[in-house]
Amino acid sequence: MGRAFEYRKATKLKRWGHMAKTFTRLGKQIAIAVKAGGPDADTNPALRSVIATCKRENMPKDNIERAIKNAMGKDQSDYKEVTYEGYGPHGIAIFVDTLTDNTTRTVGDVRSVFNKFAGTLGTTGSLSFLFDHKCVFTFKKPADLDMDELVLELIDVNAEDEYDEDEEEGTITIYGDPKSYAMIQKFLEDKGFEDIGGEFTYIPNDLKDINDEQRATIDKMVEKLEDFDDVQNVYTNLKPKVEQ
C-alpha cells in the first residue's frame, strides 16, 4: 500500500467517527453539488460522486433523497468551502476543511480551538509545502480489470501511476491532480466503473512522530474541531499510531 492510502486508512475513523455528523457533512456536500449542477444525478457528475460516497458510508437512501430535496428549496443557505491551516501544539501542522454559510462563525469556532490548545492559525497557503493536495477516486474493482493497462490510460488524464487496492472492500483507489478532477471522473465513468466516489484530500509529505502524551493532546484538539458541524475534515502531519 502507498503512503497516501495508509495515511487515509489510518485516519478515516477519526475523520468520519460519528455517524450522525457524517451524514450532516455529506448532506452539505450534496447541497453544494445540487446548487451547482441541479438535482439530477444523471446529468450532474458532482452529485453522482457525492452519492457514491454516501453509499459507501452507509447513508440511507431516504437521507440522500431528503438532502437533495432540501437543497432545491429557496430557503436553503449557500455553503462555501473554506480551508483553515495552522500549527497545533508540539509543532503539528493542521488543515481544517469546512463547508459554511457563515464564515465569521466558522473562523471564530476554529480559532477558539487553536487558541485553547496554544496553537496558531496561519494564512491561506502557509502550510501548503507540508501537504500534497490531491483528488481521490475510489471505485469497485471489476473481476477482469487489467491494472497495468488502466494505469497507462490514467496517466493521460493526469492521474498518478500509483494506486491502492483494498482487497477487503474490493475497491481500487487512485490519486490525481485536483485540477483534473472532472476529467478523471469522466474517464472512469466512460470506462464503466461502478460506485465512483470522488473527493479532495491533503496527504502530509513528512509525518511527525511524538510521544503518547503529546499525541493525546493533538487527538483532543482534532476532536474539538470535528465537533463543529461546519468542519468536514481535519488533516494533520501526525504520524498515525500503529495498533499492536
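When I speak of a nonpolar core today, I mean a set of buried Ala, Val, Leu, Ile, Met, Phe, Trp, Tyr and Cys residues joined through side-chain atoms within 4.5 Å. Please keep in mind throughout that this is a predicted model, with a pLDDT that averages 87 over the protein and reaches at least 70 for 89% of the residues. One stretch calls for caution, namely residues 13-17, where pLDDT stays under 50 and for which the model has 16 contacts beyond four places in sequence.

With that in mind, let me begin with the largest nonpolar core, which has 18 residues, and in which Phe137, Phe139, Leu150, Leu154, Ile174, Ile184 and Leu188 are the ones with the most contacts inside the core. Two or more residues come from each of strand 4, helix 6 (147-155), strand 6 (171-176) and helix 7. Take Phe139 as an example: once its neighbours within four places in sequence are set aside, Phe139 is in contact with residues including Leu150, Ile174 and Leu188, and its list of contacts also holds Gly170, Glu194 and Asp195. There is a second, separate core of 16 residues, and among its members are Ile210, Ile218, Val222 and Val234.

Let me turn now to strand 2, residues 93-100, in which eight of the eight residues are buried. Which residues point each way from this strand? Ala93, Phe95, Asp97 and Leu99 point one way, while Ile94, Val96, Thr98 and Thr100 point the other way, and all of them are buried. Strand 2 pairs with strand 1 (residues 80-87) in the antiparallel sense over eight bridges, and there Leu99 of strand 2 has Glu81 opposite. These two strands form a hairpin with five residues between them, in which His90 takes a positive phi near 65°. Strand 2 also pairs with strand 8, again in the antiparallel sense, over five bridges, with Asn233 of strand 8 opposite Asp97.

That brings me to the charged pairs, for which a search of the whole structure finds 10 salt bridges. In one of these, the side chains of Glu189 and Arg48 meet with an N to O distance of 2.5 Å. Because Glu189 lies in helix 7 (residues 181-190) and Arg48 in helix 3 (residues 45-56), the pair ties together parts that are 141 residues apart in sequence. Glu189 is partly exposed, at 27% relative accessible area, and Arg48 is likewise counted as partly exposed, at 24%.

Another salt bridge joins the side chains of Arg105 and Asp230, at 2.8 Å from N to O. Here Arg105 belongs to helix 5 (residues 103-116) and Asp230 to the loop between helix 8 (212-226) and strand 8 (231-236), so the pair ties together parts 125 residues apart in sequence.

Finally, Lys134 forms a salt bridge with Glu160, where the closest N and O atoms are 3.3 Å apart. This pair links distant parts of the chain, with Lys134 in strand 4 (residues 131-140) and Glu160 in strand 5 (residues 159-166), 26 residues apart. Lys134 has a relative accessibility of 10% and therefore counts as buried, since the cut-off is under 20%, while Glu160, at 28%, counts as partly exposed.

Notes
Residues numbered from 1 in each chain as written. Predicted model: local features only at pLDDT ≥ 70, side-chain atom pairs only at ≥ 80, totals over all residues. Heavy atoms only, no water. Salt bridge = Lys/Arg side-chain N within 4 Å of Asp/Glu carboxyl O. Helix = DSSP H or I, 4+ residues; strand = E, 2+ residues; numbered from the N terminus. Buried < 20%, exposed > 50% of the residue type's maximum accessible area, 1.4 Å probe, protein only. pLDDT = per-residue confidence, 0-100. Contact = heavy atoms within 4.5 Å. Pairing = 2+ DSSP bridges.
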